[in-house]
Each structure stands twice: as structure tokens, then as C-alpha cells.
Amino acid sequence: MLAAALAAASASACMVGPDFQGATPPVARYTREGLRDPAVGAEDRRNGAVAQAFAPGRDVPGEWWTLFRSRALNSLVAEALARNPTLEAAQAALRAARATTEAQRGALFPQVAFAAQSSYNKAPGGELQSPLNDNSLLYSLVTPQVTVSFAPDVFGGTRRALESQAAQEEVQRWQLEAAYLTLTANVVAAAIQEAALRAQIAATEKVIQAQTELLSLITKQSDAGQVAGADVVQQTALLAQSQQLLPPLQRALAQQRNLLTALAGRFPSEEVSQTFTLASLHLPRSLPVSLPSRLIEQRPDVKAAEAAVHAASAQVGVAVANRLPQFTISGAVGASATNFAALLNPAASLWTIAGAVAQPLFDAGTLFRRQQAAEENLGAAQAQYRATVIAAYQNVADALRALQADGRAVAAANAAVKASQQSVELVRKQFGLGAVSSASLLITQSAYLQAVVTQAQAQASQYADTAALFQALGGGWWNRRDVAPARDPKDPAPFL
């Protein structure tokens, strides 16, 4: 009864140390000016640019990668979520943190234990009696007892420690969400990069084929004495330069396939079956952009940094409480007799109640320095939180700026490819008629090759920047409930 009363009293006692309060930065917009849609004019649309529009305040879907409308991408992301070991490790870390929090919660309750001791003893004094009576000094002793101990949390040190551990569990919770977001974003980015590499390889092979045909034409003209042998040498050198570009692209594609396979939780020998091209991906036209005031509630890294501040704040309270008096109360009830039958005799019963208080008087400044260290750790966590928030807004702003320029970049690249292709065809006809030199033909071929490569890169950048925007906005985890591991159904004490 006394322990229960003290437990109730400690639950209502004060808690030393600072109380954690979250902060909302006063940010009204992501960029210096108001949010503006990507500038894509009528001429850009005629050149193949896709007009994207921002939707301020619209929520980000939990499965944002489905906006690219690719079944292959959807299936690969699902496979990565099911098999990637990094996500499994993050889930296990969260379960461990949750168990540690529940273990810490036990310090708020009295600790009850049972102990039993049985001993065989010899009393002193054998030298003073006859050897015939020496057995009278031998005896057995049986002592079973139940002990109860409790440390009243008068100044809130135990509750602050529990608060800190609960905040550490929150850190693991948000790190799990961050691992989920990073994994899905990496899969999408790797798929887009594979599509870009395939486009560059196809363009390079197309150019190599055209240059091979031109080399054959120039060789025939050289054999007929219509052009000099130097023209054949120059065209051969240009063809060799284009062929040199192909192996690095093929190597990068093979490595990209290995990356996608690893993200799916497979070994390189178990390569995934999904393949990606730019034509198989559809660029989302409407891009949801959360309000700036909601960003800090949506970014897992910001929430993890906030939970770290909470944990550090509670540790200051623990350090302060450790410098104050510590109270303990304990009791025991049991019996002690020379045999088990005698334990039933009321005269064999025993009990004890003890209370203690301890106040550090001199510790060479140890507890003060620990409090000082806890306060500095809190300051460091607060600074890290501010840096994380700034980086979060920077990520969104960078993605918005990139998307505002991507449309025009794609339109310009498409126009350059169209113009350079027409130029190659025109110069080739003129070269066949002897109207231009082989040098002009070589220049136009090089320009066309560079244009097709730039086109693939520009298209891939628009896809990648779109995915980066969804990632920067938090990935819509709040619209999902499929990441956090459920509580163990075999928990013996879920009520605690």
C-alpha cells in the first residue's frame, strides 16, 4: 500500500528540466518570388516539350511513383519494398527501440521479486563442548521471502529518461520512413537513368550506322578519284570516335542493371526482368506542391531531427534530477525456519520496511559537468534541426527551379536534333553532288551526334527532377500505413 501511494505521488510530482516544444519556421514560400509554372510556350510544345503545372496545396500521394504510369516501375518498386534488406534493418531497429522504451517504462513501477535460500550451517563453540554433543551445533535454515523495492520519481528523472527513450524510438520511426523514401526514390532514379542510357546508346548506334554508310560512300568516291584519300581518313577517324562512345555507355547500362537488381534485394546473377525506356515512362503533367508550412511535418529527416532534439531535451532533465536527492523504499516479507514444515509456524514469519535518501555532497563536479554536457548536446541537436529544415526547403526550391527550366531545355534539345538531322541530310546530298567538302560533312555529323545525346539527357533530367520534387516533399508517407512494423501479438504485457 505504501509503495502504491508513493507511486501515485511520484507520478504527480514535478519534472525538472526543460519541457520540449516544437518549432515552426516562418516560411511562406519556397522561392523568392511566388510559385510559377514551368515556362513552356507554344513553340516549345511544337518541339515536343511536355507542359507541366504545379498544384499548390495538393497532397502528395503515398505511391507517388505510380504517376509515371509504368507497370514495370510499379512492380519493381513493390519488389524492392518486399525484399530490400536495408528496409528490413530499419524495421528491426524500430522494433528494438520500441522494446527498449517498454523496458524503460518498467522503472515507473515497483519491482517485486521472490527469493528463497536454504543452507546447512555449523554454529561456533565446538571446542567448548564434549565431542559427543558436537552435532548439536549443526542446523539447517530455510528462508523464503518476497521483496518489494521502489524508487519514487520525485523530481521526474525516471520520467525524463523514459521521455528521452520514447523520443529515440521516434527517431527510429522517422529513419524507417526515410529509408522507405530513399529506397523508392533510388529505384525510380535508377530506372530513369537506365532509360536515358538506352536512349543514348540507341542514338549513338544510329549515328554510327549513318557514319558507316557515309564512309562507304566516300570510299567509293575516292576509288573513283572524285575525292582525296584524306577525306576517307577523316571519315574513318570520325567513325572511330563515335564507336569509342558506345562501350562506356554499355558498361554504364550494365552497372545500372546491377544497381536495380541490388535495390530489389537480389544478387547480380538474378537480374530483374523489368527494363525501362523513356518511351515507357510518362511524365506527370500536374505536380502536387505541398504548402511550405507543412513541409516540416512531411519530411522524415526533419521529423527525425525534431525527435533528436526532444531526446536531448529530456536528457537535460535526467542530468538535473541526478543532482537532487534520490529516494528509495523497500520491503520484504517471508519466513525463516530450520525446516520446511516449521515455515508454517507464525513465529517463523519475518518482515522489514526500509526507506533511504541519498544526496550527493561532493563528486568533484561530475554531475554538474554531465548536466553541462547534456545542455550542450541539446544545443547541438537544435542547431542540427535548423540545418535539416533549411536543407529541406533548399531541396524543394532546387527541384522547382530545375523543373521550371526543364521544359525549355527539352524543347531546345528537340529543336537542335531536328535541325541537325536536316542539316546532315542536306550536306550529305550536297557532298554527293560535289558542292561541299568532306570537312563540312564531318562537322554536321559531329553536331548531330552531340544533339541526340543532349536530347536524351535533357529528357531524363526532366523525369529525374520530377521524381526529386516528390522526394523533397516527403514522398507522401502520411498516406500509407504499410511501413511501421506491427506490435508483437505475443507480447506478454501489452497493457503496460
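How many helices and strands does the secondary structure of the chain contain?

1. **Basis and overall content.** This is a predicted model, in which local features need pLDDT of at least 70 and side-chain atom pairs count only at pLDDT 80 or more, whereas totals for chains, interfaces and linings use all residues. Residues are numbered from 1 along each chain as its sequence is written, and side-chain values use heavy atoms, with hydrogens and water left out. The chain comes to ten helices and six strands; these are DSSP runs numbered from the N terminus, helices being H or I with at least four residues and strands E with at least two.

2. Of the 496 residues in the chain, 39% are buried. Buried here means under 20% relative accessible area, exposed means over 50%, and partly exposed lies in between (1.4 Å probe, protein chains only). The accessible surface of the chain is about 26,200 Å², and carbon and sulfur atoms hold 57% of that area; the areas come from the Shrake-Rupley method with a 1.4 Å probe, and for residues only the protein chains shown count as cover. Among contacts (heavy atoms within 4.5 Å) with a separation of 6 or more, 84% are between residues 24 or more positions apart.

3. **Helix 5.** Helix 5 has 67 residues (157-223) and should span 99 Å at 1.5 Å a residue; its end C-alpha atoms lie 95 Å apart, which agrees. The expected span is taken as 1.5 Å times one less than the number of residues. After helix 5 comes G225, with a positive phi near 80 degrees.

4. **Nonpolar cores.** The largest nonpolar core contains 69 residues, and W64, L73 and L469 have the most contacts inside it. Helix 5 gives the most to this core, namely 14 residues. A nonpolar core is defined as a set of buried Ala, Val, Leu, Ile, Met, Phe, Trp, Tyr and Cys residues joined through side-chain atoms within 4.5 Å. In soluble globular proteins, nonpolar side chains tend to be buried together. With neighbours within four places in sequence set aside, W64 is in contact with L181, T184, A185, V188, A467, F470 and G475.

5. Four strands form an open sheet in the order 2-3-5-6, with antiparallel pairing. The edges are strand 2 (111-122) and strand 6 (349-358); each has a single partner strand, so one side of each is left without a neighbour in the sheet. Neighbouring strands of this sheet are turned by 20 degrees against each other on average, direction ignored. For such angles, axes are lines fitted to C-alpha atoms, for helices over the stretch in contact, and angles run from 0 to 180 degrees between N-to-C directions.

6. **Strand pairing.** Two strands count as paired if DSSP finds at least two bridges between them. Strand 2 pairs with strand 3 (residues 138-150) in the antiparallel sense over twelve bridges, and S118 has V142 in strand 3 as its bridge partner. Strand 3 and strand 5 run antiparallel and are joined by six bridges; Q145 has G334 in strand 5 as its bridge partner. Strand 5 (residues 326-335) and strand 6 are paired antiparallel over ten bridges, with T328 opposite A356 in strand 6.

7. **Q111.** Which residues does Q111 contact, leaving aside its neighbours within four places in sequence? They are G106, T147, V148 and S149. Q111 lies in strand 2 and is partly exposed, at 43% relative accessible area. Although Q111 and S149 are 38 residues apart in sequence, their C-alpha atoms are 5.2 Å apart in space.

8. **S313.** Is S313 buried or exposed? S313 counts as buried because its relative accessibility is 4%. S313 belongs to helix 8 (residues 300-321). Apart from neighbours within four places in sequence, S313 is in contact with P18, D19, F20 and L378.

9. **Backbone points to check.** Most residues other than glycine have a negative phi. R69, not a glycine, has a positive phi of about 50 degrees; R69 is in the loop between strand 1 (53-56) and helix 3 (71-83) and is exposed, with a relative accessible area of 55%. A364, also not a glycine, has a positive phi of about 60 degrees. A364 is found in the loop between strand 6 and helix 9 (366-432), and A364 is exposed, at 62% relative accessible area.
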